[in-house]
Amino acid sequence: MPLGAVAAALRSPLDRGGGRRDSAVSYNDGGGVVDDDRGGSSFGAGGGGGKKGAFGPSLSKKPKHSSSSSGGGAGGGGSASASASSSAKPRLVQRTSSVDTRKDVTHLTWASLLGLLKFREYFVTVDHFSIWRRHLSWAKEDGGQLRTLMTQKFSTNMVFMSLLLGAELNVLFNSSHITTQMRQDMRDSNHGSIEFWIGMCITTSVVLTLFTLLSTFTAWGMVSVVSDENAHCVLRSSIGQYVCFLPSRLILTAIYSFLLWMVMFLFILLPKFWSLLLLACVVALFFHIVTVFSAFGRLILHSGALGTSRIFDPDFERELLPRGLHTSLLFKATDELRKGTSVTRQYREPSRPIGQVDHDDDDYGASDDDDDDLLGGHSDHR
């Protein structure tokens, strides 16, 4: 199916796999019509002569009720007609269940984005690589905003690494039997003891954390004094990008070394079965967390979410449920990767918002010539 046809189908205000938003109401189980929270078109769960679309059940227009009454019934006929009209009006039904019956988020949500990842991003999140630095430096047109983002990140890192350093030093110089034996094995160079290697990992982690604090504090002080007018040229330069992201690299190594000696402690504190079980859980959670945020980061980068231009047309965006937003963003990111758009051109010549059309199209139809218009802009301008 052409990408334009897919986007045009997503633009339909029908709900199934990315249809219309109605987070405040739910469908009537009896097949009746239930208004959404904006008072627009109504949806029938069972259908009843409604118009059927590609992404939903049926769309029924709001019934029109006659206000006329019979001539013979001076009061009773009019009141009966008004009562019948009011009883026939659809009522709002609020969803109060804590269960996500609409399946806005499933266990396969993140898995659909794995095709965007590189192999190394299964082990390290994408925000620690150079592609994130390039996108961030070129997406922010305001130099003051770019500098503010960097300084905010530095301040957060300072707090986090200070807490991490305190925990590591507390373990290293603790008076418990295990840590006392660890320090003794380190003094005796007992390389065959696991306590020796745990002590080495903790010491390495402490050193890395100290240098992380040093580099973060220094970079924070230098970047914060750059003026708004010159922040772009300084932070976009090679040395500017390296300086801003050197603390992040050190933070990454410090956290991984911290995780390593924590896992090694499992084999001292627990029996072998429970140690292996917890190790499997740690590895599974590690890869899940890294892949989820790497996939989300890739989606942010290639969909143009870092820039100031809108990804969706506002009217089109209001018609989408979370699933529809996810699918549309994935199409957008995949299309940018297919075109091979450079980072600088992606933000200098942003694509046309998805769902933006220049003419009224009641049927939301699209031809093959409209692919670029609906999914990202004219390819001959890229």
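**Figure 1. Overview of the predicted model.** Of the 382 residues of the protein, 37% count as buried. The structure shown is a predicted model. The protein has 13 helices and 4 strands. Among contacts in the protein with a separation of 6 or more, 72% are made by residues 24 or more positions apart.

Figure 2. Two packed helices are described by the angle between their axes and the distance between the axes. On the α5 side, the residues in the contact are Ile-178, Gln-181, Met-182, Asp-185 and Met-186. They meet Glu-195, Phe-196, Ile-198, Gly-199, Met-200, Ile-202 and Thr-203 of α6. By type, the residues of this contact divide into 7 nonpolar, 3 polar and 2 charged.

Figure 3. Most residues other than glycine have a negative phi, and most peptide bonds are trans. Ser-189, a residue other than glycine, has a positive phi near 55°. With a relative accessible area of 40%, Ser-189 is partly exposed.

**Figure 4. Close-up of aromatic ring pairs.** The count of aromatic pairs comes to 9. One of the pairs joins Phe-286 and Phe-287, whose ring centres are 5.4 Å apart. The planes of these two rings stand at 80°, so the Phe-286 and Phe-287 pair is edge-to-face. Phe-287 has a relative accessibility of 30% and therefore counts as partly exposed. The rings of Phe-312 and Phe-316 also form a pair, with centres 5.9 Å apart. Their planes are at 35°, so the Phe-312 and Phe-316 pair is tilted. Phe-312 and Phe-316 are both buried. Ring pairs also link Phe-119, Phe-123, Tyr-256, Phe-286 and Phe-287 into a cluster.

**Figure 5. Close-up of Arg-120 and the ring of Phe-129.** The ring of Phe-129 has the charged end of Arg-120 sitting over it. The distance from this charged end to the centre of the Phe-129 ring is 4.4 Å.

**Figure 6. Close-up of His-128 and its contacts.** His-128 is placed in the loop between α2, residues 76-88, and α3, residues 130-139. The relative accessible area of His-128 is 14%, so this residue counts as buried. Leaving out residues up to four places away in sequence, His-128 touches Arg-133, Ser-248, Arg-249 and Leu-252.

Figure 7. Leu-306 lies in the loop between α9, residues 272-303, and α10, residues 314-318. Buried means under 20% relative accessible area, and Leu-306, at 11% relative accessibility, therefore counts as buried. Leu-306 and Leu-136 are 170 residues apart along the chain, and their C-alpha atoms are separated by 6.9 Å. Leu-136 is also one of the residues that Leu-306 touches, when residues up to four places away in sequence are not counted.

Definitions and conventions: Residues are numbered from 1 along each chain as its sequence is written. This is a predicted model: local features need pLDDT of at least 70, side-chain atom pairs count only at pLDDT 80 or more; totals for chains, interfaces and linings use all residues. Side-chain values use heavy atoms; hydrogens and water are left out. Contact means heavy atoms within 4.5 Å. Helices (H or I, at least four residues) and strands (E, at least two) are DSSP runs, numbered from the N terminus. Ala, Val, Leu, Ile, Met, Phe, Trp, Tyr, Cys and Pro count as nonpolar, Asp, Glu, Lys and Arg as charged, and the others, Gly among them, as polar. Rings of Phe, Tyr and Trp (its six-membered ring) pair if their centres lie within 6.5 Å; planes under 30 degrees apart count as stacked, over 60 as edge-to-face and the rest as tilted. Buried means under 20% relative accessible area, exposed over 50%, partly exposed in between (1.4 Å probe, protein chains only). A charge sits over a ring if NZ of Lys or CZ of Arg is within 6 Å of the ring centre and within 35 degrees of the ring normal.
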